[in-house]
Amino acid sequence: MSLFLYRLGGAIARHRGLVVAVWGLVFATVVGASAALGDHYDDAFSVPGTQSQEGEDLLADRFDQTGTSGQLLVTADAGKITDAGASKAVADIVAAVDKVPRVAISNPLTADDPVVSKDGASTLATIRFDQPVPSEGTLDAVQDAAQPPASSGVETWVGGDAYKPSADPSRIPELLGLMVSFVILAVTFGSLLAAGMPIVNSLIGVGVTLSAVVIASWIGTVSSTAPTLAEMLGLAVGIDYALFILSRHRRHMAEGLSAPEAMRRAMATSGSAVVFAGATVVIALTGLAVARIPVLTIMGVSAAVAVAVAVLAALTLLPAVALLLGEHLRPRTRRPRRRRTTAAPGPGIAGRWVRATTRFPVVTILAVLVILILAARPASGLKLALPDNSTAPESSAARQTYDAITAAFGEGYNAPLAVTADVITSSDPKGTVQDLAGAIAKVPDVVDITQATPNEGGDTALIQVIPAEGQTAPSTKALVQVLRDRSPGWEKTYKVGDMLVTGQTAINIDVSARLAGALLPFAIIVIGLSLVLLMVVFRSVAVPIKATLGYLLSVGAALGAVAVVFQWGWLGGLGEETGPVVSFMPIFVMGVLFGLAMDYEMFLVSAMREEFVRTDDAKGAVEGGFRSSARVVTAAALIMGSVFVAFIPGGSATIKPIAFGLAVGVFVDAFIVRMTLVPAVMVLLDRRAWWLPSWLDRKVPDVDVEGAVLHRKIAFQEWERENGEVAVLALDVVVRPGDAPVEITARPGEVHRIELPPGTSARELGQVLTGRSTAYSGSLVVDGYLLPEQREPVSRRTSLVELGRPLRPDAPVAEQIAALARVASPSPRRRRAFVARSLEVVDSVRTSHPDGDGSWDGAAVVEVATAVANGIDVLVLHGADGRTGPGRAAAESLAAEAARQGVTVILTVPAGTDAPEEGR
C-alpha cells in the first residue's frame, strides 16, 4: 500500500494540473446534472419479507392504492359540522380537492358511517395521491383547494403521510462549524493558506457526493435524510483526512525535502492510514444492509459514498493543489532564541498528560471504566421508533395538522392501521367484512373502525382501525401484535383467509422491530471486523482487543447521552419533545463511530509502534508515539466534533440525535478512550502489547499501513547513493530457520558468484531471490523492488534456471524455442523476434564453449536464451557442480553470455569452490 501511494504521489506531482482539471470537470458535470434534475426523495419505508409490506403490496394490487395518503380536517367555527352551512362548505372543499389532478377524495359526511368528532364540530377525510412521492406542485394545489372562503364558517388543515416539514434548515450553524474548524486548522498549521485547504477540499467532495445523491434519487428510493447524513460525514472525514496528509506533507517539507518528495512520503505514510480508516467507515456503513431495509441500505451507501469521495479527494485533489502551491506551504523556520541555559525542551502538554495517565495505569484504567460504564447505563432504556409528524417543528403545517387532529379526534387518528383479509370464499362479502370489523372493534385500544368494505371484486376486505394512541406509543405497537396474534382465530371463525395488519403505521413499527433485531448481528460484524483489521495492521493480539473494547465504551457513552437528552429531557431535549428516537440512530452511530474510532487508534497506536520498532522500549514508545501524534489527533477530533455539533441546532428530529450522538462519541473516544485509557493499557501490557503467535504472524498479510516498506525503500535509495547502484542486495537473508545468513551485493550486468553456506539449498535460495518464495528473515532488494512485499514485479523481471539438465532429445533447440514463442506472444512479428533473439543467445553461448558436445547443458541454454529474449533483468543459476570440468565451464560460459546481454547473474556454487574473479 505505502509503495503504491508513494508512486501515486509521484504521478500526481508530474500531472498536478491535469488532476485539478479532472476534478473541476467532474464537479461541474455532476452539480450541473443534479441542478437540472432536482431531487426526488422518498421517505416511505418498505420492509421486504414482513406482514405489513405484504399487506401494502396487496392494497396496491386489489384496491389500487399505489400512492400515498394525506388527511383533510374540517372544523366548524360554530355549531356542528353536519349543520347545513358547514356541511355544504365541506362538500365544496372536497369537490375542489378532488379536481386536483392525480388526487382522489370522498366526502366523509356522505358515507354510510360519517366520520365526525365526538363534539360534532369536525370531520376527517382521507386524501389519496396516486404517486408515492407527490410533487410539490400537487401538494401545494391540494393546500390551495382546501382553503375555505372567509364566509364559509369552517377552518381546514391538510397533513398526513404525504406532507413532511418542508422548511429548509438554517445553514448558519454549519457555517459556524466550518469557521471553528478553520480556526483549529489555522492554530494547528500556523498558516491561513494551509488551514483553508482541507475545508475547500472537503466542500468539493461534499458537492460531488450530494449531487450524486440527487441524481440517484431518480433511480432508486432515497430518503430526504440521506443527503444530510452524507453531508455531515463528508465534511467531517473530508477535513480530517486532508488534515492528516497535509500535516505530514508540511512536516517533511520542514525537514528540507522538496515539495514533490514530501508529498510522496506523506501519501505513503498518512495516506495509507487514510485509506485504511476510510475503508473501515465504508465497510461499516455498507454493513447497514444487514437490517434488510432498502431505504436504510441506500442511506448507508450514500454516507459510504461521501466517505469514499472524501478519501479520493484527500489522495488526489489535495496533493495536486498542494503541489501547485509548492513552496508557499513550506513552514517558516524560526530563529531559535538565545538561552542562558542549555536545558532540554520540556515535554509539553502532550508529554505531561501521557505521563500523568500512565504513572499509575491501573488507577487510570479503573477510573475510565467506571465513568464510561455509568455514562452508558441510560442506553439500556433507549426507546426507538420512526418519526412522524408529531416530531415536526411546531411552526410547520404538518405538525399543526397533527395537533389539530389529535385535539378533535384523538392521537390515534394520525396513525390508522389497515387490516386486510381474503373473503373470496364468502357468499356475503359485505356481511363478512362487517362481522370481522365488529370483532376487531372489541379489541382493547381500538377506538374506532373508520372503514370496513370489500374491494370491487368482492375478494378482499379492507378494515381501517384507529388505535388509542399515536404511532410511537407502546400501546399501538402492542395493538399491532394483538391483532396479528388473534388473526388465526378470526380466520377460522369468519371463514376468511390470510389476514394481514398493514398501513404506514404498521410498516414503521415493523421497521423499528427489524432494526432492533439487527443491532446485535451488526455489532458482531463490526466487532469481528475491528479485531481482524487491527490484527492485520498492528500484528498484535492485545491491541485489537483493547481497541474494540474501547470502541464499545465509546458507543455506550454516546447512546447513553442520547437517552438522557432526548428521552429524559436534559438540556431541554435540544429543542425536541422527549420520546423515542429514530430507529436507525443506534445502528448508524455504531457504524460511523467504528470508523472514526479506528482513525484515532490508527494514528496514535501506529506512532507508538514505530517508536517501539525503532527503540525496542515498549514503555518509552508509548510516550514518544503519543507526543508525536497527539497534536494532530486532537485537532482532528475537535474539527469532527464541531462539524457534528453544527448540525444539531438546525437539524430535524431525525438528524439531531444522530449528530449529538456522534459528537459525544467522538469526544469520548478521542479524549477519554484513545488519549487516556489506551496509553495506560499499553504501559500496563508493556512488551506483551505487541505479541502475536509466530504461526499467526506468518499467516496474517502485511498491509504496511504504517509505511514501513517506504522507510526501507528510502533507506535502500540512500544506500545506493553512498555505495553505487546494485541489482541484488541481500543483507542477513536466512532462507530457512537454522540456515546461515546470506550476503549478496550484485552490480547490474555482472556475474556474482555466491558460495552457499553449509545446509543452504541452492534451489530454495534461488526461489527467494526471484520472488517465488519468502525468506525467513533478512532484508532483500531485487532490481529495485523490496521483497517479499513486491514479489509480483520481481517474479516478472527475474528467472531461475537449473544447470545440468540435458536437452530434450525429441526436438531440436529451434523447435523448442518456437514452441515457447507461441506461449510468449500472440503476435507473429513478436514471435519471430523472440525466436531470433533466443537463437542468437544460444549460438553465442556455443561459440564461447566450442568443446561442448551439443547436449552438455542444453535445457539451461534454452531457458537462459528465452529469458534474455523476454527482457529479464536478473538471472539466478543453480546446480553448478565441482571445481572444474565441462559442467562448471558451461555454467561460467552461460553466466558470462547472459551478463554480456545486460543481465545481472547470480551463480550459486557449492561451498569450497574456487570461483573466478567477480564482475566478469
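Author: Start with Pro788, which sits in the loop between β15 (785-787) and α24 (791-797). Keep in mind that this is a predicted model.

Reader: What kind of peptide bond joins Leu787 and Pro788?

Author: A cis bond, with omega at about 10 degrees.

Reader: Why is Ser52 called buried?

Author: Its relative accessible area is 0%. Buried means under 20%, so Ser52 qualifies. Ser52 lies in helix α3 (residues 51-62).

Reader: What makes the pair Ser52 and Asp510 a polar contact?

Author: Their side chains are joined at 2.5 Å. The cut-off is an N or O pair within 3.5 Å, with one atom able to donate a hydrogen and the other to accept it. Ser52 also touches other residues, including Arg484, Val501 and Ile507.

Reader: Is Leu318 buried or exposed, and how do you know?

Author: Buried, because its relative accessibility is 1% and the limit is under 20%. Leu318 is in helix α10 (residues 294-325). Among the residues it touches are Met197, Asn201 and Ala242. The C-alpha atoms of Leu318 and Pro198 are 7.6 Å apart, yet 120 residues separate the two along the chain.

Reader: Why is Lys495 called exposed, and Asp783 partly exposed?

Author: Exposed means over 50%, and partly exposed runs from there down to the buried limit of 20%. Lys495 has 58%, so it counts as exposed. Asp783 has 23%, so it counts as partly exposed.

Reader: Where are Lys495 and Asp783?

Author: Both are in loops. Lys495 is between α15 (474-493) and β9 (497-502). Asp783 is between β14 (777-782) and β15. Lys495 is not a glycine, but its phi is positive, near 55 degrees. Asp783 is not a glycine either, and its phi is positive at about 55 degrees.

Reader: What makes Leu531, Val532, Ile545, Leu549 and Leu552 a nonpolar patch?

Author: A patch takes residues with over 30% relative accessible area and no salt bridge, and joins nonpolar side chains within 5 Å. These five form such a patch on the surface, with about 410 Å² of accessible area together. Elements giving two or more residues are α16 (504-538) and α17 (542-566). The most come from α17, with 3 residues.

Reader: How do you know that α20 is mostly covered?

Author: Of its 31 residues, 26 are buried. Helix α20 (residues 655-685) also has a kink of about 35 degrees, centred on Val673. Asp686 follows α20, with a positive phi near 60 degrees.

Notes
Residues are numbered from 1 along each chain as its sequence is written. This is a predicted model: local features need pLDDT of at least 70, side-chain atom pairs count only at pLDDT 80 or more; totals for chains, interfaces and linings use all residues. Side-chain values use heavy atoms; hydrogens and water are left out. The bend at a residue is the angle between axes fitted to the seven residues ending there and the seven starting there. Helices (H or I, at least four residues) and strands (E, at least two) are DSSP runs, numbered from the N terminus. Buried means under 20% relative accessible area, exposed over 50%, partly exposed in between (1.4 Å probe, protein chains only). Contact means heavy atoms within 4.5 Å. Patches are made of residues with over 30% relative accessible area and no salt bridge: like charges are joined within 9 Å, nonpolar side chains (Val, Leu, Ile, Met, Phe, Trp, Tyr) within 5 Å. Accessible areas come from the Shrake-Rupley method with a 1.4 Å probe; for residues, only the protein chains shown count as cover. A salt bridge is a side-chain nitrogen of Lys or Arg within 4 Å of a carboxyl oxygen of Asp or Glu. Lists of a residue's contacts leave out its neighbours within four places in sequence.
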